[in-house]
Amino acid sequence: MSRNAAAPGTVAAPDRPGRIRLLLSRLYVQCLLAVLAGVVVGSLWPSFGAELKPLGDGFVALVRMMIAPIIFCTVVHGIAAMSDRRAVGRVSLKALVYFEILTTIALVIGLVVVNVVRPGSGLHVDVSTLSTDSLPAEATQAHGSFTDFVLSTIPDTLVSALTGEEILPVLLVAVLFGFGLQASGEAGASIAAGIEKLSTVLFRLIRWIMRLAPIGAFGSMAFTIGNYGLGTLRHLALLVGSFWLTALFFVLVVLGGVMRLGGLRLLPFLRYIKEELLIVLGTSSTEPVLPRMMAKLEHAGASKPVVGITLPAGYSFNLDGTAIYLTMGSVFLAQAVGVDLSLTQQLTMLAVMLLTSKGAAGVTGSGFVALAATLSAVPHVPVAALALIFGIDRFMSEARALTSLVGNGVATLAVARWEGQLDEARVRAVLRGDLPFNPDDTATDGLVPEEPAGSPREPVPAIG
């Protein structure tokens with residue numbers, strides 16, 4: 001008998017090449033290898049790595065063109081299927097209350113850490129030597145008021161909301177359209193059914209696009225390392241290191257505590273969304289994973305209306321990573337240029353940040369622009385000081401995006417449980433791995449994969 005032959009009555013173990021192929025077929029493994037390859041290419045061939053930026057930009061652009069129609073279809077169908085119109089307002093209010101509480105906690109934590117660590121002390125930078133020429137135009141232009149921000153959520157036309165780059169106008173149009181379908185009787189029901197089928201097609205397309213995620217992650221990481229270099233970190237390592245550790249503390253302690261209050265654990269949830277985390281790490285943007293996060297959260301037992309309202313809204317109102325960055329970045333710059341901010345001035349900046357942190361899209365560089373808006377609104381620190389951290393902003397962008405992604409996922413589960421629209425038995429089974437998420441399955445609603453035999457899903461009751 002051959003040494004490799006299985007003995008009678010035994011089951012032969014799968015060969016190692018087969019297991020390796022299975023492992024390499026997983027998206028998170030492909031993204032991890034792509035990120036590592038991007039670091040190597042950017043380090044060894046910086047000029048070539050910097051030229052790979054279009055790979056990452058192209059992938060993000062492909063996903064971004066799908067986000068507006070996916071959010072529109074998901075929210076419209078969810079609202080049209082609800083029996084109680086007041087439930088939309090109730091879910092929205094609960095989500096905004098949650099967002100404001102968590103954002104405030106993130107801002108305060110960042111403020112405490114930067115005052116304790118004081119990463120900018122001792123730099124003694126002369127502001128007159130700084131120039132804004134190297135800063136992006138968005139960072140130096142005038143920033144509108146809160147009223148301008150609110151008015152910007154109203155699109156010029158219904159169609160223009162779907163062709164713009166902002167999420168909030170899409171939400172507004174989707175909510176209004178959903179209510180319109182709900183009030184239109186049979187005519188609205190037929191259109192809602194068509195929108196449900198359209199969402200199935202859109203999610204099929206996004207699954208195809210997500211297969212390009214490793215290429216996008218490779219190009220983005222190679223550009224970051226090739227353009228800025230690992231050596232850039234040495235100059236401001238204390239700021240970057242303290243920011244990453246603060247973001248990690250917020251995720252593990254604050255968001256972990258929120259999960260505990262809901263009877264769940266954070267680490268299994270992080271394992272559940274590991275593919276999305278690696279894509280965000282590679283692209284420094286949370287936008288590419290929004291459709292998959294919506295699908296995964298509904299698969300985990302959160303109702304479609306809650307997911308459709310809470311998660312997209314969180315991309316504008318619940319950017320926990322950006323909130324930490326705003327307090328740490330602004331106080332760091334004050335320390336670096338020798339501006340001694342009093343407690344009152346810091347609290348004033350914190351109040352301004354509660355507004356400037358809203359509406360910053362989950363894309364690379366949005367946090368830097370929000371920081372510029374903060375410095376413009378509170379003239380204690382010159383905007384020119386932004387030149388000090390522009391070179392390392394990209395290395396903090398990953399932490400901002402990762403923190404905000406986890407924060408919005410936890411927020412959606414928390415709001416769903418608060419509203420009584422979370423299947424708690426199912427979410428525990430999903431986080432244990434008993435009901436794995438399979439994006440290649442075709443669901444009846446275009447979002448949730450079919451369950452394996454023997455594991456039927458109890459229907460989630462309609463909101464209201």
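The legends below describe close-up views of a predicted model.

**View 1. A patch of positive charge on the surface.** R26, R260, R265, R271 and K274 gather on the surface as a patch of positive charge. Of these residues, R271 has its place in helix 14, which spans residues 266–272.

View 2. L245, L248, F249, L252, V253 and L267 make a nonpolar surface patch of about 580 Å², to which helix 13 (residues 237–261) gives the most, with five residues. L248, which is found in helix 13, has a relative accessible area of 46% and is therefore partly exposed.

View 3. Helix 15 (residues 274–283) is mostly covered, with eight of its ten residues buried, among them L277, L278, I279 and V280; the helix is followed by S284, whose phi is positive, near 60°. E275 forms a salt bridge with R292, and their closest N and O atoms are 2.3 Å apart. Because E275 lies in helix 15 and R292 in helix 16 (residues 290–299), the pair ties together parts that are 17 residues apart in sequence. Both partners count as buried, E275 at 16% relative accessibility and R292 at 8%.

View 4. R428 counts as partly exposed at 33% relative accessibility, as does E424 at 28%. The side chains of R432 and D434 also meet in a salt bridge, at 2.9 Å from N to O, with R432 exposed at 57% relative accessibility and D434 partly exposed at 44%.

Methods:
Residues numbered from 1 in each chain as written. Predicted model: local features only at pLDDT ≥ 70, side-chain atom pairs only at ≥ 80, totals over all residues. Heavy atoms only, no water. Patch = residues over 30% accessible without salt bridge, like charges linked within 9 Å, V, L, I, M, F, W, Y side chains within 5 Å. Areas by Shrake-Rupley, 256 points an atom, 1.4 Å probe, with all protein chains shown as cover. Salt bridge = Lys/Arg side-chain N within 4 Å of Asp/Glu carboxyl O. Lys, Arg positive; Asp, Glu negative; His and termini not counted. Charge placed at Lys NZ, Arg CZ, Asp CG, Glu CD. Helix = DSSP H or I, 4+ residues; strand = E, 2+ residues; numbered from the N terminus. Buried < 20%, exposed > 50% of the residue type's maximum accessible area, 1.4 Å probe, protein only.
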